Amino acid sequence: MIEKFRKIGIIPVVVLDNVEDAKPLGNALVNGGIPAAEVTFRTDAAEESIRIMAENPKLLVGAGTVLTVEQAERAVKAGAKFIVSPGLNPDVVKWCVGNDVPVVPGVQTPTEMETALRLGLTTVKFFPAEPAGGLKMIKAVAAPYTTLNFMPTGGINENNIRDYLEYDRIVACGGTWMIKKELIKAGKFDEIEKEVKKAADIVKEIRG
């Protein structure tokens, strides 16, 4: 799974209020060249949206903002192939590891990173990336943890994504800039596809 993340480069963080938007958004991501979605589990439409998007065989669908084991179970049952959380909840991590579900918990501190390593993880989400010190902070804390890789999310956009992707300890970056909520609400999935393609081109430019 981590190698899939590395190949894709950017994991779009998706917030959906209406399940009707799930299928066309999934198509826009695939057609734009970033065939992945981290659907945040913070709306009533999230679970069904994951179920709909998971029907697309070309789309790698996961659940984000997973705060409890119960949410993780529901997300996986709906079709989520990976779990992402804003913080490191040992119960969620242990459930995912025990059920062979890739999980990327959020961390900021060396203590949290050591906890992740102790739980058997090799990749963590650095969140919120920019407010917590950005790439400079990641490079500083990565030095003593040579086996740990990062998926930074929060404040990453088209202006700084290149710097993040150039660092080999970053498997992928989470982002929302290419799937703006107002475009989803307006049903402008063709515009979203264009924005996704621009992001995909950046990944190709940096990683080939």
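Predicted model: local features only at pLDDT ≥ 70, side-chain atom pairs only at ≥ 80, totals over all residues.
Residues are numbered from 1 along each chain as its sequence is written, and side-chain values use heavy atoms, with hydrogens and water left out.

**The protein as a whole**

- The secondary structure comes to 10 helices and 8 strands; helices (H or I, at least four residues) and strands (E, at least two) are DSSP runs, numbered from the N terminus.
- With a radius of gyration of 16 Å, close to the 17 Å that the globule rule gives for 208 residues, the protein is as compact as a globular protein of that length. The radius is taken over C-alpha atoms, and the rule is 2.2 Å times the number of residues to the power 0.38.
- Along the principal axes, the C-alpha atoms fill a box of roughly 45 × 40 × 25 Å.
- Of the 208 residues, 52% are buried; buried means under 20% relative accessible area, exposed over 50%, and partly exposed in between (1.4 Å probe, protein chains only).
- Among contacts (heavy atoms within 4.5 Å) with a separation of 6 or more, 59% are between residues 24 or more positions apart.

- Helix α3 (residues 46–53) has A46, S49, I50 and M53 as its buried residues. They cover an arc of only 100 degrees around the axis, which puts them on the same side of α3; the arc is that of the directions from the helix axis to the C-beta atoms.
- The cover over these α3 residues includes α2 (22–32), β2 (36–40), β3 (60–64) and α4.
- In α4, the buried residues are Q71, A72, A75 and A78. Their arc, seen down the axis, is 130 degrees, so they line one face of the helix.
- The buried residues of α4 pack against α3, β3, β4 (83–85) and α5 (90–98).
- For α5, the buried residues are V92, V93, W95 and C96. An arc of only 165 degrees around the axis puts them on the same side of α5.
- D91, K94 and G98 are exposed on the other side of α5, whereas the cover of its buried residues includes α4, β4 and β5 (103–107).

**Residues to look at closely**

- Q71 sits in helix α4 (residues 69–78) and is buried at a relative accessible area of 15%. Leaving aside neighbours within four places in sequence, Q71 is in contact with F41, T65 and V66.
- L59, in the loop between α3 and β3, is buried with a relative accessible area of 8%. Not counting residues up to four places away in sequence, L59 touches G26, L29, V30, P35, A36 and M53.
- L59 and P35 are 24 residues apart along the chain, yet their C-alpha atoms are separated by 4.8 Å.
- L16 lies in the loop between β1 (10–14) and α2 and counts as buried at 1% relative accessibility. Beyond neighbours within four places in sequence, the contacts of L16 include S49, M53 and I184.

**Backbone points worth a check**

- Most residues other than glycine have a negative phi, and most peptide bonds are trans.
- T65, in the loop between β3 and α4, has a positive phi of about 55 degrees although it is not a glycine. At 16% relative accessibility, T65 counts as buried.
- D100 also has a positive phi of about 55 degrees without being a glycine. D100 lies in the loop between α5 and β5 and counts as exposed at 71% relative accessibility.
- The peptide bond from F127 to P128 is cis, with omega near -15 degrees; P128 lies in the loop between β6 (123–126) and α7 (134–142).
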